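Let's take a walk through this structure together. Have the sequence and the 3D view ready, and we'll go from the overall picture down to single residues.

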Amino acid sequence: MCALFQSKVPSAPLIVEPVPTSFPKIEGAEIAADFLGTRIGGDLYDSLRVSPERVLFGLLDVAGRREDNRPILDAAQNIFRTLGAELFSRPDMNESDAMTELSQRINRTVIEASHGVHPCPAFIGCYHEKFGTLCYTNAGHTPGLLRDPGGITELGSTGLPLGLFSHVTSEAPTVAIEKGAALLLVSRGLIECEGRPKRSTEEFGMERAKELFQTASIGDAQALATFILTSVRDFGAAAPQCEDRTALALVRTA
């Protein structure tokens with residue numbers, strides 16, 4: 001389920017870390033993700049094709065240090081892949097209902113694997129190739145940023161973080177992704193990255209991420225994710241890393 005992956009963001013040293021295999025090819029779109037520095041927290045990104053026209057992807061942020069939360073990460077990824085493939089491959093499925101059920105099951109899995117409360121903000125989306133639509137749920141995660149010719153729209157929280165309550169509800173709206181538009185997901189560790197010593201109390205912040213996203217080239221998903229992470233690296237060059245810093249991009253090319 002996982003493969004050895006070497007971070008493409010220029011840094012020293014390069015880090016080899018078990019993360020998902022290559023993202024699936026998408027007709028008329030691209031999806032990619034990358035991380036900066038060393039994996040020390042609970043960021044988990046993954047994607048898989050769940051039907052001939054649908055691709056499921058997600059970015060989760062399991063609280064705690066990686067050496068402690070590995071069983072939770074593994075359990076959450078297993079449910080994401082197995083149940084996600086089952087729910088979204090049904091011929092008569094409703095995307096919103098399937099997304100809600102998947103979110104609820106991951107929520108229960110996090111609680112069971114941690115034997116109690118364990119916060120896990122998550123952004124999970126299902127992209128439909130034929131219609132160019134995205135059904136998503138944002139469980140207390142940083143907002144997804146959708147850029148199109150009209151500007152940047154925040155896809156904010158639609159429910160509480162996973163792992164807090166045994167019964168949790170979350171809305172699963174659907175948005176259109178136009179040709180030439182892009183979706184950017186960034187982890188909390190990236191947003192909260194602090195700057196160099198002279199501005200050590202200043203965080204990278206969501207507004208800076210939006211400004212960079214607005215000016216970035218969005219023709220290539222991998223290049224977009226790498227551009228954002230390189231900007232974070234330059235911003236916090238001398239600051240100690242306290243959390244994972246991850247970016248995931250989905251670009252509609254046709």
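**Where to be careful**

Start with residues 1-20: their pLDDT stays under 50, and the model has 56 contacts beyond four places in sequence for them. Here pLDDT is the predictor's confidence in each residue, from 0 to 100, and contact means heavy atoms within 4.5 Å. Where pLDDT is low, the predicted coordinates should not be read in detail. The protein chain as a whole averages a pLDDT of 89, with 88% of the residues scoring at least 70.

A quick word on ground rules. This is a predicted model, in which local features need pLDDT of at least 70 and side-chain atom pairs count only at pLDDT 80 or more, while totals for chains, interfaces and linings use all residues. Residues are numbered from 1 along each chain as its sequence is written, and side-chain values use heavy atoms, leaving out hydrogens and water.

Now zoom out. The protein chain has five helices and twelve strands; these are DSSP runs numbered from the N terminus, with helices (H or I) of at least four residues and strands (E) of at least two. Of its 254 residues, 57% count as buried, where buried means under 20% relative accessible area (1.4 Å probe, protein chains only).

What sits inside? The largest nonpolar core has 28 residues, and Leu 56, Phe 88, Met 99, Leu 102 and Ile 106 have the most contacts within it. A nonpolar core is a set of buried Ala, Val, Leu, Ile, Met, Phe, Trp, Tyr and Cys residues joined through side-chain atoms within 4.5 Å. Elements giving two or more residues to this core include α1 (66-88), α2 (95-114) and β6 (122-128), and α1 brings the largest share, eight residues. A second, separate core of 26 residues includes Leu 36, Phe 204, Ala 216 and Ala 221.

Next, find Asn 138 in strand β7 (residues 133-139). Asn 138 is buried, with a relative accessible area of 0%. Its side chain reaches the backbone oxygen of Leu 155 at 3.0 Å. Beyond residues up to four places away in sequence, Asn 138 touches several others, among them Phe 123, Gly 144 and Thr 158. Pro 161 is 23 residues from Asn 138 along the chain, yet their C-alpha atoms are separated by 8.2 Å.

Finally, look at Asp 61, in strand β5 (residues 54-61). Asp 61 is buried too, at 7% relative accessible area, and its contacts beyond four places in sequence include Asp 43, Cys 120 and Arg 188.

How values were computed:
Buried < 20%, exposed > 50% of the residue type's maximum accessible area, 1.4 Å probe, protein only. Polar contact = N/O pair within 3.5 Å; in protein donor to acceptor, adjacent residues only side chain to side chain.
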